[in-house]
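Biologist: I have not looked at this one before. Can you walk me through it?
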Amino acid sequence: MLYIEKWKIVLIALLCALGIAYSAPNFWRSATAEVDPSVPSWLPYKTVSLGLDLQGGSHLLLEVDIDEGVRARAAAFEDSIRSALRGSEIRRSAPERLGASVKFRTLDPADAERAADLIQDTDPSARITVGDNGDIVVGFAESDEEALRRSILTQTIEIVRRRIDSLGTKEPIIQRQGDNRVVVQVPGFDDPERLKEILGTTAQLAFRLVDASADTSTFVPRPGFEILEAANERPGQTQRYVVRTSPRVAGDLLVDAQPSFQDSRPVVSFRFNATGARQFFDLTGKHIGEPLAIVLDNKVISAPTIQAAIGANGIITGQFSVAETQTLSLLLRSGALPAPIEVIQESSVGPGLGKDSVEAGKIACIVAFVGVAVFMSLSYGLFGVFAGLALFLNGAMIIGILSALQATLTLPGIAGIVLTIGMAVDANVLIFERIREELASGQSTVAAIDAGYRRALSSIIDSQVTTLIAAVILFAMGTGPIRGFSVTLTVGIITSLFTAIWVTRLMVVTWLRAGNRRKTVSI
């Protein structure tokens with residue numbers, strides 16, 4: 001037991017060195033500081049990612065209007081109705097939206113069943129109800145509507161994540177809460193108003209033809225047309241457009257959008273995917289000389305005249321500032337929200353409060369380390385000093401692993417580290433007490449130390465594994481701060497087993513060999 005193979009000695013030393021190397025950047029640079037270009041790229045440079053409570057930042061609770069999202073998806077039934085009944089000579093009323101369904105009436109009640117069959121053939125997923133007097137209601141099947149609601153919330157979370165990632169923030173926390181709410185925590189982002197603006201904008205983009213011959217002051221609503229107001233209106237000026245509902249090219253066919261300049265003016269350049277490029281080319285090619293409205297969230301941001309057929313690439317012009325082009329391109333790149341969202345709760349953590357928490361956490365860790373090291377030294381003499389050195393390496397390895405994994409450290413995470421420091425010497429206590437018992441029974445120093453490490457091993461593993469199981473369950477079932485606590489506790493348990501058993505054993509063996517296998521030991 002006291003003989004350690006050379007490869008094991010090399011492995012132990014290497015792991016300890018890596019722990020110190022990966023933890024070192026946390027003491028010579030902050031998480032927000034740029035990496036010195038003179039530092040070789042192969043050297044560890046990552047620091048622990050601090051959570052919202054330590055770094056400061058913004059906390060938002062968003063409520064998703066899923067009902068509105070479902071109603072917006074129900075608009076597709078209007079296209080199904082028009083497509084199915086086009087050319088069928090069935091006379092009908094204009095479709096009318098009723099929540100998540102669309103209702104219309106055949107002027108001849110005898111045509112209702114035939115109209116329902118035609119619509120069903122066009123859209124097999126629709127649920128069609130035929131009422132009295134030729135009334136027909138087209139909507140979602142119950143299972144399809146439930147799946148759509150889940151999809152809207154999931155899609156909202158993903159788009160919120162993409163928008164926040166585009167801001168360059170580190171380790172944002174975006175989680176579902178209940179059936180229609182999303183929790184957003186963005187550490188280190190000190191502009192909550194811009195964050196709310198970016199997240200709250202639906203960003204539903206569409207390219208729609210303008211009816212230039214229509215007079216907006218005398219416009220009477222009719223099927224296939226609607227009137228929209230211009231965005232960025234000046235005080236006292238209200239510009240409106242009569243736009244066609246079809247044909248149109250949806251903004252979700254965009255694959256990229258970037259801020260740019262044209263004639264020294266800020267613009268947004270965009271690029272379609274293959275389907276969007278084909279649709280946009282057909283639309284612009286057939287309507288050269290007509291104005292094309294660029295509609296964002298039911299507001300016309302620009303209505304340039306089509307000069308020629310446009311393919312995959314185009315430019316959005318308007319009275320934009322540079323900041324507005326950056327925000328607009330970010331929204332278009334990340335995609336449209338499937339439903340409106342509302343910020344119902346907002347809170348901010350200042351960087352000063354977070355800094356105070358970090359300092360308090362450092363002091364707590366130092367006090368815990370010093371207290372445990374002094375207690376072990378007083379209780380077990382030189383062996384207690386070995387345990388203190390192993391405890392120092394244990395702390396370095398915890399910080400190093402958290403830095404390498406870029407795990408987010410929160411206040412509960414610091415609590416997990418402090419708890420780990422207190423628990424880390426449990427294994428050494430079991431080993432040292434076992435050695436005392438063996439020495440009291442008359443065993444030699446070498447035999448007592450060998451028996452202490454060998455016989456205490458099973459008890460150490462049993463006690464640590466039970467704690468590890470609890471930490472894994474906390475991680476699997478917990479959220480936010482609870483997960484932060486479980487991560488540091490899990491890492492601490494693993495490093496504690498390594499340092500308490502293998503590192504201290506290597507120290508004891510080295511000490512014994514340095515004294516030619518000492519005959520007596522004070523413990």
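This is a predicted model: local features need pLDDT of at least 70, side-chain atom pairs count only at pLDDT 80 or more; totals for chains, interfaces and linings use all residues.

Biologist: How many helices and strands does the protein have?
Modeller: There are 16 helices and 18 strands, taken as DSSP runs numbered from the N terminus (helices H or I, at least four residues; strands E, at least two).

Biologist: What share of the residues is buried?
Modeller: Of the 523 residues, 41% are buried, meaning under 20% relative accessible area with a 1.4 Å probe, protein chains only; exposed is over 50%, and partly exposed lies in between.

Biologist: Which residues have the most contacts inside the largest nonpolar core?
Modeller: They are Phe 383, Leu 402, Ile 417, Phe 432, Ile 435 and Val 503, in a core of 49 residues. Such a core is a set of buried Ala, Val, Leu, Ile, Met, Phe, Trp, Tyr and Cys residues joined through side-chain atoms within 4.5 Å.

Biologist: Which helix gives the largest share of this core?
Modeller: Helix 16, with 11 residues.

Biologist: And what about a second core?
Modeller: A separate one of 39 residues includes Ile 66, Ala 74, Leu 85 and Val 102.

Biologist: Changing topic, where is Leu 11?
Modeller: Leu 11 sits in helix 1, residues 6–23. Leu 11 counts as partly exposed because its relative accessibility is 39%.

Note on methods:
Residues are numbered from 1 along each chain as its sequence is written. Side-chain values use heavy atoms; hydrogens and water are left out.
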